[in-house]
Amino acid sequence: MSAATRRLTTAQALVRFLAAQYTERDGVRHRLVAGTWGIFGHGNVAGVGQALVEYGDVMPFHQGRSEQAMVHAAVGHARHLNRLSAQAVTTSIGPGATNLVTGAALATVNRLPVLLLPGDYFASHAADPLLQQLEHPSEADVSVNDALRPVSRYFDRISRPEALLASAPRAMRVLADPAETGAVTLALPQDVQAEAFDWPEEFFADRVWRVRRPAPDPEELADAVRALRAARRPLIVAGGGVHHGEAEAALEALVDATGIPVASTQAGKGSLRHDHPADLGGIGHTGTAVADDLARTADLVIGVGTRYSDFTTASGTLFQEPGVRFLNLNITAFDAHKLAARTLVCDARAGLTALTGALSGHRVPSSYEDEYRAGRARWEETVRAALRADDENAVPTQTQVLGALDAVVGDEDVVINAAGSLPGDLHKLWRSRSPRQYHLEYGYSCMGYEIPAALGVQQAAPGVPVWALVGDGTYLMNPTEIVTAVQEELPVKLVLVQNHGYASIGGLSESVGAERFGTDYRHRAADGSFTGAPLPVDLAANAASLGMDVLRAKTVRELREALSTARAATRPTCVYVETVAGDAPGAQAWWDVPVAEVSARDAATGARARYEQAVADRRHHL
């Protein structure tokens, strides 16, 4: 072998290459691929599996139980580290590969990096069709991995070992680029994984991908400053880009200098600490009354790192000021140009800092500050009432569960959620105390995200209390990574809320005339109606059977004590609580969910009439 080459299999070379990749921003370096999750089958066990054994000293391995959950764990890890570090996920071919699609979509929708390494058919077609191979009658190069193309930001099938020399660096560039990142897929034919090649030594040299902070264009900045100085009722909408760009301090400096209030998306909550005088809380369908009231009268909406999903924009009905215009600061031009906005295509921290300097001496009218601060005070009373439990011996409501947790957590704790009725309650009511505390996956709102994501966050932040808040519906989707938490000794805390059904979608079903059909976990009578008796399912016993310590709480007092015990625990611990219906604050803005235009049932016809009245307020921001 030449001194300038190293003879390795393709899989061995890939693992060695990944171990030498780094990101660097602001002088701080991170492993780009910090570890690999895997479930092995015939499509990856002899290739990537053997390589991970060979190089276990440089590439940590984590054993998963569900392919989708492994991607969720990797995404949670990447989000907590502000997209500066990712993890890889390896699977076999067939169902192992197709199970990646949901997680890949979640990663790409949320602009979060994850590297997918699914096995594939034989590139040589020597064994054809092999076990689990999809045969396409007219396209012999198609495999199930092609289902990952539309949900990946970069995709390649490595059909020859030397193809990795070009493709692997391209994949790393996309993972490390905040404007392009998402799921990256390198499909690995299983014969190529095991094939040897003489690799150039420089392929394995340490490589640093510098994450730039592009500054705003001077003309765009000047245009933005003119718009801000002219606005009388400006409103900042803080999205996840504030966190990803570590721009929280820059946002606070702008707000302190100008008095512009801040409302936040689910991904952006915590951009300002909850007790900052200009923090209005969440915006949109699950937002606060003060944020949505100001949004309706804002004359300039400044979106910082937001994608403007329909919950945030309330389907074009929330921003009702006739002359309202938008100014979007985003590292991605695709998002910056939404809603016909003026654009600042730049890094969030760089852009906010530049705005603060250029707006020197400018401040919103004092009457506007007085208005939103009074609104904040009124909403805080709503929050206190929702979280408070007057009877410590009563069965808690869901909002009182959040109140008990609020009383227990510290500033450093991380609270994770993704789907059900909890995201709405959290967006309206949770008091975020630090930038990393509020971890809501609401770009894809994927049931089953919470538990595996908690594992990824716990790996990213050892010693930090990490809470996965899960309803019964979500728990039944994906509890299997509890076993991984036990195996890896990750002391995540699970708050399992049992209300015997899909509470969120049940409420939506009722509001659109679908009469809560198919949303309860109860026995059915012979005529199809519900008997009202809950199913004899013990989710706490299930969690215990998977290896968790389980604390059952029946009252508010017991709940608070159990949460305190769980926070101090050094093993994976579940707090199980059944809740009763409560009076959570209702939706503060309308969300467009089309209703049946014709129906013989009164519930649907009434819902359609309300829908037509609401949809009349829809507008196009052009």
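Start in helix α15 (residues 366-387), where Arg-373 and Glu-369 sit four residues apart, about one turn of the helix; helices here are DSSP runs of H or I, at least four residues, and strands are runs of E, at least two, numbered from the N terminus. This is a predicted model, in which local features need pLDDT of at least 70 and side-chain atom pairs count only at pLDDT 80 or more, while totals for chains, interfaces and linings use all residues. Residues are numbered from 1 along each chain as its sequence is written, and side-chain values use heavy atoms, with hydrogens and water left out.

Back to that pair: Arg-373 forms a salt bridge with Glu-369, with the closest N and O atoms 3.5 Å apart. A salt bridge means a side-chain nitrogen of Lys or Arg within 4 Å of a carboxyl oxygen of Asp or Glu. Glu-369 is buried, at a relative accessible area of 9%, whereas Arg-373 is partly exposed at 40%. Buried is under 20% relative accessible area, exposed is over 50%, and partly exposed falls in between (1.4 Å probe, protein chains only).

Helix α8 has a pair too: Arg-226 and Asp-223 lie three residues apart, and their salt bridge has its closest N and O atoms at 3.8 Å. Arg-226 is exposed at 54%, and Asp-223 is partly exposed at 29%.

Next, Arg-571 and Asp-549 meet in a salt bridge at 2.8 Å, N to O. This one links distant parts of the chain, 22 residues apart, with Asp-549 in strand β24 (residues 549-553). The whole structure holds 42 salt bridges.
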